[in-house]
Amino acid sequence: MTDKAHVWRVRYQRPIEYEVANCQDIFNPENDALISVGRSRDARRFVIVDENVEKYFSTQIRDYFDFHKIDARVLLFPSGEKNKTVDKFLWVLRELDKFPINRRDEPIIAIGGGVLTDIAGFVASSYRRGIPHVKVPTTLMGYVDASIGIKAGINFNNQKNRLGSFEPPKKVFLDRSFLKTLPQRHILNGLCEIIKLAVIKDYELFELLEAHGTSSIESRFQDETSASILDRAVGGMLEELQPNLFEDELARKVDFGHTFSYGLETHPETDLLHGEAVLIDILISALLAATRGLLSDPELNRIFELVDKFRIVLNDELVTPNLLWATLEERTYHRNGLQRVPLPEGLGGCNFANDIKFEEIQSACKIYAERKTNHEPIYQY
Ligand SMILES: NC(=O)c1ccc[n+]([C@@H]2O[C@H](COP(=O)([O-])OP(=O)(O)OC[C@H]3O[C@@H](n4cnc5c(N)ncnc54)[C@H](O)[C@@H]3O)[C@@H](O)[C@H]2O)c1
């Protein structure tokens with residue numbers, strides 16, 4: 001029993017608002033977008049840049065801040081998932097602490113893929129109880145997914161994103177010209193998240209991918225049709241994220257492809273990128289949906305044919321009923337005791353399943369093994 005005379009209730013609401021904006025040619029000195037958030041005169045910026053991005057844009061980045069007379073400390077962040085660690089997180093914090101920025105109006109700027117923007121967002125949420133940050137995704141995965149929401153984090157205890165926070169950015173700038181230098185495997189990796197949205201939410205996007213997906217890959221998303229594919233994917237993703245920013249609702253359409261994929265991409269012997277694991281999950285989930293009568297045979301075929309067209313190499317030796325079942329159990333725990341597995345209902349529709357049985361997964365794995373096409377890599381990893 002509480003003594004009512006000694007209960008104090010504190011209530012406070014903090015509005016969340018940020019923009020995700022297309023912004024071509026972000027390092028053009030005439031373009032002041034990047035420094036438009038926060039103070040832009042006599043100012044400092046702590047800029048975290050992916051080392052592979054720096055290889056191509058080093059001079060432009062430095063010239064940009066010089067031109068605007070901004071005292072910028074550019075920190076090069078090493079590439080890849082293996083660096084999404086507590087050690088690297090603390091290293092960034094130490095470097096940041098050596099460069100005293102004004103904690104209210106000199107946002108840190110994160111320029112890189114999902115690994116970098118996830119870690120930078122977590123740095124921003126932790127340092128001095130929270131400082132503003134701006135994100136500039138340079139991978140397709142970052143562009144359509146990782147950078148546009150508010151989730152930040154690092155891997156911990158052999159678990160992905162086990163430490164993290166929800167930290168809204170001040171702004172996200174989308175400049176698709178970064179994709180020109182992105183390795184082909186990472187273009188396809190990001191494409192998997194676009195396929196996800198198309199299948200579970202947006203039939204028109206699905207048709208666009210059928211008609212123009214291959215040419216978008218070839219142009220590295222530089223032509224105008226690709227721009228509309230990207231806009232549709234970003235808009236669709238944000239439409240799903242906005243009403244559920246803090247994931248109070250655990251049944252989320254955007255988790256389509258993110259159930260079985262978890263075990264596949266965290267397995268010690270995995271050779272799968274996040275999007276590749278998601279794509280395997282999409283195919284398994286589509287087979288489960290078809291068996292349940294949620295997808296017709298022609299609809300199922302269209303999904304498999306679309307994926308086939310893009311010649312994505314899937315290292316799927318780890319796909320076994322036991323591993324997928326163990327992952328489903330782990331995700332059920334993560335989703336508060338219910339499976340909440342998004343399954344496609346027709347193309348562009350969604351239905352959540354809470355009663356998937358081991359035998360269904362067994363049968364889906366068997367059909368998957370019969371149907372899948374093994375593509376030889378046509379590109380340099
Ligand atoms: N926060 C979220 O909501 C969210 C959503 C999806 C994924 N993620 C996270 O995103 C991460 C994966 O992101 P990713 O696929 O962008 O991987 P990544 O950040 O490792 O980048 C992929 C590779 O591309 C290189 N690179 C980046 N931009 C380049 C460019 N323009 N030109 C040449 N090389 C470039 C990087 O150095 C790296 O080697 C995972 O850790 C995942 O958990 C987070």
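Modeller: Before we start, a helix here is a DSSP run of H or I with at least four residues, numbered from the N terminus. Leu241 is found in one of them, helix H7. Keep in mind that this is a predicted model.

Colleague: Thanks! What makes Leu241 partly exposed?

Modeller: A residue counts as buried with 20 or more other C-beta atoms within 10 Å, and as exposed with 12 or fewer. Leu241 has 17 within 10 Å, so it is partly exposed.

Colleague: And how far is Leu241 from Asn155 in sequence and in space?

Modeller: They are 86 residues apart in sequence, and their C-alpha atoms are 22 Å apart in space.

Colleague: How do you know what span to expect for H7?

Modeller: The expected span is 1.5 Å times one less than the number of residues. H7 covers residues 224–241, which makes 18 residues, and 26 Å is expected. From first C-alpha to last, H7 reaches 26 Å, close to that expected value.

Colleague: Which residues of H7 are buried?

Modeller: Ser226, Ile229, Leu230, Ala233, Val234, Gly236 and Met237 are buried. They cover an arc of only 165° around the axis, which puts them on the same side of H7. In general, an α-helix has 3.6 residues a turn, so residues three or four places apart point the same way. The face of H7 turned away from the buried side carries the exposed residues Glu224 and Asp231.

Colleague: What do the buried residues of H7 pack against?

Modeller: Their partners are strands E1 (19–22) and E8 (171–174), along with helices H4 (140–146), H5 (184–200) and H6 (203–218).

Colleague: On to the domains. Which ones does the assignment give?

Modeller: The domain assignment gives domain 1 (19–181) and domain 2 (185–234 + 248–371). Their C-alpha centres lie 29 Å apart. The contact takes 13 residues from domain 1 and 17 residues from domain 2. On the side of domain 1 that touches domain 2, H4 gives the most, with five residues. By class, that side has eight nonpolar, one polar and four charged residues.

Colleague: Why do you say that the ligand's shell lies between the domains?

Modeller: Domain 1 and domain 2 both give residues to the shell around the ligand, so it lies between them. The ligand is surrounded by 29 residues, the closest being Ser79, Gly113, Gly114, Thr139 and Met141. Elements giving two or more residues to this shell are helix H1 (51–67), helix H3 (114–126), H4, strand E7 (159–166) and H5.

Colleague: What is the shell made of, by class?

Modeller: Seven nonpolar, 15 polar and seven charged residues. Gly is counted among the polar ones here.

Methods
Residues are numbered from 1 along each chain as its sequence is written. This is a predicted model: local features need pLDDT of at least 70, side-chain atom pairs count only at pLDDT 80 or more; totals for chains, interfaces and linings use all residues. The arc is that of the directions from the helix axis to the C-beta atoms. Two residues are in contact if their C-beta atoms, placed from the backbone, lie within 7 Å. Domain bounds come from an automatic or database domain assignment. A residue is near a molecule or strand if its C-beta atom, placed from the backbone, lies within 6 Å of it.
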